[in-house]
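Here is a short report on a protein–DNA model. Keep the sequence and the structure open while you read.

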Number of protein chains: 2
Amino acid sequence: MHAFDALGDPVRRRILELLSQGEQTSGALTSVIRAEFGISQPAISQHLRVLRESGLASVRAEGTRRLYAVEPAPLREVDAWLARFRGFWEQRLDALDTELARGRRERRHGRRHGGGDAHHAAHHAAHDGRTDEEERP
Amino acid sequence: MHAFDALGDPVRRRILELLSQGEQTSGALTSVIRAEFGISQPAISQHLRVLRESGLASVRAEGTRRLYAVEPAPLREVDAWLARFRGFWEQRLDALDTELARGRRERRHGRRHGGGDAHHAAHHAAHDGRTDEEERP
DNA sequence: CGCTTATATAAGCGTTGACTTTTATAAGCG
DNA sequence: CGCTTATAAAAGTCAACGCTTATATAAGCG
């Protein structure tokens with residue numbers, strides 16, 4: 001299964017968001033997801049399996065707990081695929097947050113290229129936590 | 001429909017790859033995709049509709065032709081989502097190719113980042129082919 | 001050991017998605 | 001105008017997906 005396929009599901013994206021902060025037990029993930037999406041434990045277990053099988057997450061047993069972690073390789077591939085589109089926004093100033101995430105802000109003060117509006121940045125900085133607002137029926 | 005959902009399909013990803021080199025008519029896209037995936041014209045038309053409706057592509061009529069183009073906004077969102085995982089590989093050496101793909105070499109030579117960065121397009125034109133190797137049954 | 005906790009698998013079901021073939025729209029052109 | 005080209009929409013089919021309930025495995029603990 002291609003990584004993009006696995007990433008199509010909001011539950012799985014959310015799981016990865018949670019894992020981006022570090023290893024989590026299946027149980028911890030399950031309680032958050034259950035609360036947020038209202039689905040059952042087996043449903044989440046199945047999503048975890050998809051993440052495992054698509055290489056996006058790895059598991060480590062510790063007693064009866066399963067510790068999940070992000071496995072970056074497929075995400076790096078997604079990132080690489082996306083690279084060909086960066087030209088579409090990268091020299092525009094409203095991509096400032098992306099730039100910041102990459103730590104290249106030094107350029108803001110050197111002689112700059114584009115024109116105006118830099119106000120987008122603060123705007124995006126605020127949106128922490130979940131990026132997806134969609135919900136399941 | 002979330003961008004990630006639309007990107008889950010290899011045909012749609014391939015269409016976007018083709019569009020990353022510039023505007024294309026529905027017909028041009030159709031012949032390439034038909035050759036590569038062996039699916040019908042209506043099937044491709046439906047994929048184009050999904051791309052339109054998910055905001056990933058825009059259309060412009062010119063006579064009886066429809067000119068499609070990449071619409072970067074949702075891809076930028078995907079990029080932003082992905083940002084939180086970059087730390088997983090960005091300082092590791094085995095991410096070298098990704099770094100290169102992002103054109104980080106500008107930093108190695110003097111920081112010439114000024115004007116209209118047009119080399120993105122030509123560069124990508126070189127490695128034309130498909131990135132996805134998967135196929136439909 | 002038997003009970004509970006943590007997690008996965010199995011089986012079944014409704015919905016969605018990606019096709020197909022067929023048909024519509026609409027511009028170009030003789 | 002009628003015919004052809006370019007593209008989309010409609011309707012139907014089949015497989016895949018995401019969910020559920022029920023059940024299995026296996027470690028911890030009294």
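E2(B) and E3(B) run antiparallel and are joined by six bridges. Two strands count as paired if DSSP finds at least two bridges between them. Helices (H or I, at least four residues) and strands (E, at least two) are DSSP runs, numbered from the N terminus. Arg60(B) has Leu67(B) as its bridge partner in E3(B). Two residues sit between the strands of this hairpin, and Gly63(B) takes a positive phi near 65 degrees.

This is a predicted model: local features need pLDDT of at least 70, side-chain atom pairs count only at pLDDT 80 or more, and totals for chains, interfaces and linings use all residues. Residues are numbered from 1 along each chain as its sequence is written, while chains are lettered from A and ligands numbered from 1 in the order in which they are written.

## The sheet of chain B and its helix

In which order do the three strands of the open sheet in chain B lie? The order is E1-E3-E2, with antiparallel pairing. Strand E1 (24-25) and strand E2 (57-62) of chain B are the edge strands, each pairing on one side only. E1(B) meets E3(B) over two bridges, in the antiparallel sense. Thr25(B) stands opposite Leu67(B) in E3(B). Strands of a sheet pair through backbone hydrogen bonds, either parallel or antiparallel.

Helix H2 (residues 10-19) of chain B lies across E1, E2 and E3 of chain B. H2(B) runs at about 90 degrees to E3(B). Axes here are lines fitted to C-alpha atoms, for helices over the stretch in contact, and angles run from 0 to 180 degrees between N-to-C directions. H2(B) is largely enclosed by the rest of the structure, because seven of its 10 residues are buried. Buried means that 20 or more other C-beta atoms lie within 10 Å of the residue's own; exposed means 12 or fewer, and partly exposed is in between, with C-beta atoms placed from the backbone. The buried residues of H2(B) include Val11(B), Ile15(B) and Leu16(B), but also Arg12(B) and Glu17(B).

## Leu51 of chain B

Leu51(B) lies in helix H4 of chain B. Is Leu51(B) buried or exposed? Leu51(B) is buried, because 27 other C-beta atoms lie within 10 Å.

Which residues does Leu51(B) contact, leaving aside its neighbours within four places in sequence? They are Ala6(B), Arg12(B), Ile15(B), Leu56(B) and Ala57(B). A contact means C-beta atoms, placed from the backbone, within 7 Å. Two of these partners, Arg12(B) and Ile15(B), are also among the buried residues of H2(B). Ala6(B) is 45 residues from Leu51(B) in sequence, yet 6.7 Å away in space, C-alpha to C-alpha.

## Chain A

Chain A has eight helices and three strands. From the N terminus on, its elements run α-α-β-α-α-β-β-α-α-α-α. Buried residues make up 25% of the 137 residues in chain A. Among contacts in chain A between residues at least 6 apart in sequence, 54% join residues at least 24 apart.

The UniProt annotation "domain: HTH arsR-type", from an unreviewed entry, covers residues 1-90 of chain A. UniProt positions follow the numbering used here, feature names are shortened, and annotations may be inferred rather than shown by experiment. Over residues 1-90, chain A is 59% helix and 16% strand. The end C-alpha atoms of that stretch are 30 Å apart.

Tyr68(A) in E3(A) links two pairings: Gln24(A) stands opposite it, and Val59(A) has it as bridge partner. E1(A) and E3(A) pair antiparallel over two bridges. Gly63(A), in the hairpin turn between E2(A) and E3(A), has a positive phi of about 65 degrees.

## The DNA surfaces

Of the 25 residues around DNA strand C, Gly27(A), Pro42(A), Ser40(B), Pro42(B) and Gly63(B) come nearest. H4(A) gives the largest share of this surface, six residues.

Of the 24 residues around DNA strand D, the nearest are Ser40(A), Pro42(A), Gly63(A), Gly27(B) and Pro42(B).

Definitions and conventions
Near = placed C-beta within 6 Å. Contact = placed C-beta atoms within 7 Å.
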